[in-house]
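Hello,

Here is the structure I promised to pass on to you. Have a look at it first, and then read on for what turned up in it.

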Amino acid sequence: MPPASLNPVLLRSCVVSWDSRFAQPIELPGGVRLASLREAILHLVNTVPSSERSLPVVLTAAEMITSAAERGGPIEFARIATLQAGIG
C-alpha cells in the first residue's frame, strides 16, 4: 500500500479559501466590486436586510459561497447564486 502522501484520493483534494477569486468579478452599482468569496459573503451579510435572510435565494447564495470557500465547491456557482440573490 502506498504511503498516505501518495494516496490518489488525497492527491485530488484541493485547498480553497475565502480569498479565492471569481473568474469575473461582480460589478455593483456605485463602483462596488466583489472579486472574492470573502467579499461576496461580507457584502451579503452587510446588505441583505435581516427580514430577507431566510429567503431561499439568499440562503442558496450563502450556501454556495460557503461551499466554495470551505469545501471546494464550484466558485462559479457561488458567483451565479450571488447574482441571483439580487446583490450583484
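Predicted model: local features only at pLDDT ≥ 70, side-chain atom pairs only at ≥ 80, totals over all residues.

Aspartate 19 has a partner. Its side chain meets that of arginine 38 in a salt bridge, at 2.9 Å from N to O. Aspartate 19 sits in the loop between α1 (8-12) and β1 (21-27), while arginine 38 belongs to helix α2, so the pair ties together parts that are 19 residues apart in sequence. Arginine 38 is also partly exposed, with 37% relative accessibility.

That pair is one of four salt bridges in the structure. Side chains of opposite charge can pair when their charged atoms come close. Two others are worth a look:

- Glutamate 63 and arginine 71 meet through their side chains at 2.4 Å, N to O. Glutamate 63 is partly exposed at 39% relative accessibility, whereas arginine 71 counts as exposed at 52%.
- Arginine 79 pairs with glutamate 76, with 3.9 Å between the closest N and O atoms. Both lie in helix α4, three residues apart, which is about one turn of the helix. Arginine 79 is buried, with a relative accessible area of 11%, but glutamate 76 is partly exposed at 37% relative accessibility.

Now to the inside. The largest nonpolar core has 18 residues, and those with the most contacts inside it are Phe22, Leu37, Leu44, Ile65 and Ala78. The elements that each supply two or more residues to this core are β1, α2, α3 and α4. Which of them gives the most to this core? The answer is α3, with five residues. In general, nonpolar side chains tend to be buried together in soluble globular proteins.

Helix α3 spans residues 56-71, and its buried residues are Val58, Ala61, Ile65, Thr66, Ser67, Ala68 and Ala69. Among the parts that cover these buried residues are α2 (37-47) and α4 (75-84). Just after α3 comes glycine 72, which takes a positive phi of about 75°.

Setting aside neighbours within four places in sequence, phenylalanine 22 is in contact with Leu34, Ala35, Ser36, Leu37, Ala40, Ile75, Ala78 and Arg79.

Enjoy exploring, and write back with any questions.

Best wishes

Technical notes. Residues numbered from 1 in each chain as written. Heavy atoms only, no water. Buried < 20%, exposed > 50% of the residue type's maximum accessible area, 1.4 Å probe, protein only. Helix = DSSP H or I, 4+ residues; strand = E, 2+ residues; numbered from the N terminus. Contact = heavy atoms within 4.5 Å. Core = buried A, V, L, I, M, F, W, Y, C linked by side-chain atoms within 4.5 Å.
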